[in-house]
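Visitor: I would like to go through this model label by label. For each term, please give the value and the cut-off behind it.

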Amino acid sequence: MKNALSLSLLTLALAGCAGGPSPSPEKVAGLNDDARKTAGGLIQTLGGELKAAMTSGGPAGAIGVCKEKAPQIAAEAAQRTGMKIKRVSPNNRNPKGVPDAWETQALAELEKRLAAGEKPETLDLHAVVPSGEGKEFRYAKALVTQPLCLNCHGDPGKMAPDVKAKLAAEYPNDKAVGYSAGMIRGILSIRKPL
């Protein structure tokens, strides 16, 4: 937590040098609360959709949830909140899920905190950073691999043949495999212009 606070404070300090007024600490805290609630709701909704799809169609049937439903759920949340929301990972499945520089730095910080023993459910961070339009609020929530996720994100040698076939058809350049339970496989990235 101390490292995340240091990263956030450093980013806030650097953002203050970028011109334009800095948002008040209260405003930043409010944005962070909103982002946490939004991220938590998205993760819970997506988890419910995945469990339902697994029950009705098995792991291969759940692949469509991540490909089609997850972006819809994020788009609905973005429309409600005015935030930009996406899932990113250096080992991305979706070609649009490549992290930018801030997301890469945030992911590295969250991985350090996990390695230091922090509980997975607390792994998030936020910052105010310069953007082309002035300043922007950024938030990252770690996507920690759950046992259920291993059906499609685990060891390819242990995946069911129908899952492997569907992943190959849907994501020919897939890099989002080889995880074990408890690993961070990416982040939920939220941003909002200030």
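Visitor: Why does H153 count as buried?

Guide: This is a predicted model, and every value here is computed from it. The relative accessibility of H153 is 11%. Buried means under 20%, so H153 counts as buried.

Visitor: Where is H153 placed, and which residues does H153 touch?

Guide: H153 sits in helix 4, residues 150-153. Setting aside residues up to four places away in sequence, H153 touches R93, M159, A176, V177, G178, Y179 and R185. Take R185: it is 32 residues from H153 in sequence, and the C-alpha atoms are 8.7 Å apart.

Visitor: What is the secondary structure of the protein?

Guide: Five helices and four strands. From the N terminus, the order is α-α-β-α-β-β-α-α-β.

Visitor: What span would a straight helix of 57 residues have, and what does helix 2 span?

Guide: A straight helix of that length would span 84 Å at 1.5 Å a residue. Helix 2 spans only 20 Å between its end C-alpha atoms.

Visitor: Where in helix 2 does a kink lie?

Guide: At G57, shortly before the proline P59. The kink is about 130°. After helix 2 comes G82, with a positive phi near 80°.

Visitor: G61 is also in helix 2. Why is G61 called partly exposed?

Guide: G61 has 36% relative accessibility. That value falls between 20% and 50%, so G61 counts as partly exposed. The C-alpha of G61 is 8.4 Å from that of V163, although the two are 102 residues apart in sequence.

Visitor: N32 lies in helix 2 as well. What makes N32 buried?

Guide: N32 has a relative accessible area of 6%. The limit for buried is under 20%, so N32 qualifies. Beyond residues up to four places away in sequence, N32 touches H126, F137 and Y139.

Visitor: How do you know that T38 is buried?

Guide: The relative accessible area of T38 is 12%. That is under 20%, so T38 is buried. The place of T38 is in helix 2. With neighbours within four places in sequence left aside, T38 is in contact with A77, T81, M83, I85 and I190.

Visitor: What makes a set of residues a nonpolar core?

Guide: The members are buried nonpolar-core residue types, such as Ala, Val, Leu and Ile, joined through side-chain atoms within 4.5 Å. The largest such core here has 23 residues, and those with the most contacts inside it are I85 and I190. Helix 2 (25-81), strand 3 (134-144) and strand 4 (184-193) each give two or more residues to this core. Helix 2 gives the most, with 15 residues.

Visitor: Which residues does I85 touch?

Guide: T38, L42, A74, A77, A78, L188, S189 and I190, not counting residues up to four places away in sequence. There is also a second, separate core of 14 residues, including V88, L107, A127 and A140. In soluble globular proteins, nonpolar side chains tend to be buried together.

Visitor: How many residues are in the protein, and what share is buried?

Guide: There are 194 residues, and buried ones make up 40%. The protein exposes about 10400 Å², with 58% of it supplied by carbon and sulfur atoms.

Visitor: What share of contacts join residues at least 24 apart?

Guide: 71%, among contacts between residues at least 6 apart in sequence.

Key. Residues numbered from 1 in each chain as written. Predicted model: local features only at pLDDT ≥ 70, side-chain atom pairs only at ≥ 80, totals over all residues. Heavy atoms only, no water. Buried < 20%, exposed > 50% of the residue type's maximum accessible area, 1.4 Å probe, protein only. Contact = heavy atoms within 4.5 Å. Expected span 1.5 Å × (residues − 1). Bend = angle between axes of the 7 residues up to and from the residue. Areas by Shrake-Rupley, 256 points an atom, 1.4 Å probe, with all protein chains shown as cover.
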